[in-house]
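Subject: Structure handover

Dear colleague,

Please find the structure below, for your files. My notes on it follow.

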Amino acid sequence: MHKTRVLLAKSHGFAEAASLLQEGALVAFPTETVYGLGGDATNDTAVARIFEAKERPSFNPLIVHVADIEAAKNIAVFDDMSLRLAGAFWPGPLTLVLPLRPQAEIAPLVTAGLESIALRIPEHPVAQSLLEAFGGPIAAPSANPSGKVSPTRAEHVIQGLSGRIEAVLDGGACPVGLESTIIGLVDAPALLRPGGLPLEDIEECIGSKLSYGGDSSTPTAPGQLTSHYAPQMPIRLNASTASSDEVLLGFGPDCAKSTLNLSETGDLVEAAANLFHFLREIDGCGQKIAVSPIPEKGLGRAINDRLRRAAAPRA
Ligand code: TXA
Ligand code: MG
């Protein structure tokens, strides 16, 4: 990739950033909390490239940014409690984890195959203008390499991700400077991550104390997060061939003839973009699965992490 471009937060900058997103390119942008590493949330390949750019060793689900409550309702199911929180704090530094609508046009990699989705309407005018110009949902984790601190200025984004993303919209320093507070609303309301919106404000709004649900990116029990979406049938890894009662999930040119090939050319971004679609397909077919070896580099690390969890014995 060429050098990462710095776009000015003016009308032509928004138009340029929006058209890059429409092409599946990655654009970092400021929100009131931190800079987000944005990609089209409906585009499997763009979302796979977000994980690649961050060098994340696993597929943590991402936050999806939308322009308004109508867009949010097209993606997730709201009840009285979630409507009250959205009404009180959106736009703002609050992320709600809600049931995903089965028909929502969201790449399954965004939610790492979960049936819930993290949504937020950012308040920052640059984020709002970008969402308006793009006209669709933008998946965006914080715009830092995995394991590094979140960026609060365009130059931090450049320091961490230069050459790994197409552009950054420069909107100056982020006013909050801390990630959004995340509230889980799929089961009983729970604080999943403390952040830029004080817990007290949220508790006052809902009229009760919130339990601490823990950050889903660091599940306390192995497989806690994955148990939702592990395929029902047994999975065998590093298989060179499938036996008669197995379906081969292939990777690379040597298995071009397998029914499902994550990437015939051995492209790890393509494989990541296909992974959750294929796991779902496999789930429906009622057969055992043999998976070809995937190289342990780049996105291969996250793909293998995901497959190892799927193959682990279930409780
Ligand atoms: O302020 C922020 O929230 C920034 C800006 C860019 O919006 N974004 C951000 O994203 O911090 P990220 O990817 O660094 O953190 C997302 C967190 C992760 O800890 C992830 O586990 C959690 O949100 N998350 C996302 N989807 C989830 C889901 N369906 N269920 C539970 N947790 C979820
Ligand atoms: Mg982060």
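Of the 315 residues in the protein, 52% are buried (under 20% relative accessible area with a 1.4 Å probe and protein chains only; over 50% is exposed, and partly exposed lies in between). This is a predicted model, in which local features need pLDDT of at least 70 and side-chain atom pairs count only at pLDDT 80 or more, while totals for chains, interfaces and linings use all residues. Residues are numbered from 1 along each chain as its sequence is written, chains are lettered from A and ligands numbered from 1 in the order in which they are written, and side-chain values use heavy atoms, with hydrogens and water left out.

Overall form

The protein has nine helices and 15 strands (DSSP runs numbered from the N terminus: H or I of at least four residues for helices, E of at least two for strands). Its radius of gyration is 20 Å, close to the 20 Å that the globule rule gives for 315 residues, so the protein is as compact as a globular protein of that length (the radius is taken over C-alpha atoms, and the rule is 2.2 Å times the number of residues to the power 0.38). The C-alpha trace spans about 60 × 50 × 30 Å along its principal axes. Among contacts (heavy atoms within 4.5 Å) with a separation of 6 or more, 66% are between residues 24 or more positions apart.

The sheet

Eleven strands form an open sheet with mixed pairing, in the order β1-β8-β2-β3-β7-β4-β6-β5-β9-β10-β11 (two strands pair if DSSP finds at least two bridges between them). At the edges are β1 (5-8) and β11 (211-212), each of which pairs on one side only. Helix α5 (residues 125-134) packs on the sheet and touches β2 (27-30), β3, β4 (63-65), β7 and β8 (167-170). The direction of α5 makes about 135° with that of β2 (axes are lines fitted to C-alpha atoms, for helices over the stretch in contact, and angles run from 0 to 180 degrees between N-to-C directions).

Strands β1 and β8 are parallel and share four bridges, with Leu-7 opposite Leu-169 in β8. Strand β2 also runs parallel to β8, joined by two bridges; here Ala-28 stands opposite Val-168. Strands β3 (residues 35-40) and β7 (residues 138-139) are antiparallel, again with two bridges.

Gly-39 belongs to β3 and faces Ala-139 in β7. Gly-39 counts as buried, at 0% relative accessibility. Its contacts beyond four places in sequence include Leu-21, Ile-50 and Pro-137. The C-alpha atoms of Gly-39 and Ala-140 are 6.5 Å apart, across 101 residues of chain.

Aromatic pairs

There are three aromatic pairs (rings of Phe, Tyr and Trp, the last by its six-membered ring, with centres within 6.5 Å; planes under 30 degrees apart are stacked, over 60 edge-to-face and the rest tilted). Phe-59 and Phe-276 form an edge-to-face pair, with ring centres 6.1 Å apart and planes at 75°. Phe-59 lies in the loop between α2 (44-54) and β4 and Phe-276 in helix α8 (residues 268-285), so the pair ties together parts 217 residues apart in sequence. Phe-59 is buried at 5% relative accessible area, and Phe-276 is buried at 4%. Ring pairs link Phe-51, Phe-59 and Phe-276 into a cluster.

Regards
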